[in-house]
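Hi,

Here is the structure I promised to send over. Have a look at it first, and my notes on what turned up follow below.

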Amino acid sequence: MVSKALLRLVSAVNRRRMKLLLGIALLAYVAFYSFLLNRSIQENGELKIESKIEEIVEPLREKIRDLEKSFTQKYPPVKFLSEKDRKRILITGGAGFVGSHLTDKLMMDGHEVTVVDNFFTGRKRNVEHWIGHENFELINHDVVEPLYIEVDQIYHLASPASPPNYMYNPIKTLKTNTIGTLNMLGLAKRVGARLLLASTSEVYGDPEVHPQSEDYWGHVNPIGPRACYDEGKRVAETMCYAYMKQEGVEVRVARIFNTFGPRMHMNDGRVVSNFILQALQGEPLTVGSLTRLPFYSSDLVNGLVALMNSNVSSPVNLGNPEEHTILEFAQLIKNLVGSGSEIQFLSEAQDDPQKRKPDIKKAKLMLGWEPVVPLEEGLNKAIHYFRKELEYQANNQYIPKPKPARIKKGRTRHN
Ligand SMILES: NC(=O)c1ccc[n+]([C@@H]2O[C@H](COP(=O)([O-])OP(=O)(O)OC[C@H]3O[C@@H](n4cnc5c(N)ncnc54)[C@H](O)[C@@H]3O)[C@@H](O)[C@H]2O)c1
């Protein structure tokens with residue numbers, strides 16, 4: 001049957017048409033075969049590439065998993081506060097020494113804390129343990145520029161605090177304490193927040209009365225090397241009371257005396273950090289004739305919070321009224337460190353107050369506050385911190401390659 005049909009077909013078409021048909025069939029066959037061949041090559045190639053990619057990607061996935069595990073941040077314990085008790089709190093200078101301890105306290109008390117800092121003397125490291133927490137925010141901002149946020153309380157701490165830092169750029173120190181304070185008072189007025197100013201015992205200058213109570217007006221050299229800070233803080237206090245009287249802003253003013261504790265700057269240049277670092281490094285302890293004694297950071301933080309939440313709007317001294325000679329203090333640090341350093345006497349710096357001692361009767365009476373951390377206990381914590389910092393520095397030393405000398409074209413410092 002089939003052969004008959006074929007014969008009929010062959011007879012129906014002539015030989016030329018037959019050739020054409022065969023050619024087309026052959027072409028179709030070759031095209032189909034090469035398509036199959038290509039696909040199998042492609043599939044094989046893809047498989048090989050995929051397995052290569054997998055080989056590279058798997059270890060990366062592993063690393064990401066490890067990072068994610070290590071990044072499941074364990075925050076310090078935080079209290080739960082109901083909406084009505086939880087406050088939105090701004091801390092300017094919150095990445096600095098005092099500000100970061102205040103941040104810890106307010107965060108652990110359950111408040112929402114926004115830290116604003118330009119990192120002039122502060123460090124992210126001081127608050128990094130809160131980064132990512134839902135109650136915490138860190139803003140890189142200079143208070144010399146206005147800030148628009150919604151807050152209930154403002155702790156205004158932004159200002160360099162130690163002589164080498166505030167003398168580094170006196171104009172900037174003045175701007176921070178004047179324009180910066182005006183900006184924060186303006187914010188407090190706009191949003192109806194209460195503002196606490198971190199003022200200083202330096203408003204008393206080189207005092208002529210001892211101890212210094214809050215009604216002493218001070219003895220400040222307005223044109224000396226420390227004036228940018230001392231007068232900056234004095235005018236900041238004046239601004240607070242102008243805003244209180246004229247605009248009804250609620251203000252609190254803390255006159256803080258020397259404070260010490262972990263997270264102080266290595267180059268703070270004041271007596272505690274100097275003595276501890278010198279003792280740890282076996283260098284001579286350099287002693288001036290000063291008699292003021294510092295107090296521990298947690299005592300200061302408790303004082304600041306008590307003052308903020310009190311109804312005391314006039315200035316309050318927060319400091320350590322204990323008296324020791326500076327020589328006794330140097331000896332104590334030497335013993336606690338177990339150092340063989342000798343003690344050397346130095347000539348005094350210009351305008352450095354000879355004697356300062358806070359009268360803290362007002363803080364005791366109105367806030368129920370006084371320092372409670374024993375000096376030795378606080379010093380041991382600070383020594384532990386500085387020892388760790390020295391180790392950290394030694395392990396993370398960056399030794400820059402020498403660069404060819406360049407000709408300086410002018411001042412690059414930013415005001
Ligand atoms: N530590 C003390 O013994 C002491 C004593 C008296 C008063 N105070 C006051 O307490 C406050 C805090 O002092 P500290 O010892 O923590 O000093 P600090 O230098 O460690 O902290 C100050 C912080 O303010 C930031 N800052 C400076 N200028 C700023 C600006 N223009 N804008 C934004 N941020 C800025 C710094 O980067 C730093 O984080 C200061 O106002 C200081 O005058 C401190």
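Let me start with Arg 61, which counts as partly exposed because its relative accessibility is 36% (buried is under 20% relative accessible area, exposed over 50%, partly exposed in between, with a 1.4 Å probe and protein chains only). Before going on, note that this is a predicted model, where local features need pLDDT of at least 70, side-chain atom pairs count only at pLDDT 80 or more, and totals for chains, interfaces and linings use all residues. Residues are numbered from 1 along each chain as its sequence is written, and side-chain values use heavy atoms, with hydrogens and water left out.

**Salt bridges**

Arg 61 pairs with Glu 54 in a salt bridge, 3.1 Å from N to O (the rule: a side-chain nitrogen of Lys or Arg within 4 Å of a carboxyl oxygen of Asp or Glu). Glu 54 is partly exposed too, at 39% relative accessibility.

Another one links Asp 104 and Arg 263, whose closest N and O atoms are 3.0 Å apart. Asp 104 sits in helix α3 (residues 97-108) and Arg 263 in the loop between β7 (259-260) and α7 (271-280), so this pair ties together parts 159 residues apart in sequence. (Helices, H or I of at least four residues, and strands, E of at least two, are DSSP runs numbered from the N terminus.) Both Asp 104 and Arg 263 are buried.

Glu 250 and Arg 252 also meet in a salt bridge, at 3.7 Å from N to O. Glu 250 is partly exposed at 40% relative accessible area, while Arg 252 is buried at 4%.

**Helix α8**

What is the span of α8 (residues 297-308)? Its end C-alpha atoms are 17 Å apart, which agrees with the 16 Å that its twelve residues should span at 1.5 Å a residue (expected span is 1.5 Å times one less than the number of residues). Nine of those twelve residues are buried, so α8 is largely enclosed by the rest of the structure. Among the buried ones are Asp 299, Leu 300 and Met 308.

**Around α6**

Glu 231 lies in helix α6 and is partly exposed, with 24% relative accessibility. Its C-alpha atom is separated by 8.7 Å from that of Asn 221, ten residues apart along the chain.

Over to you!
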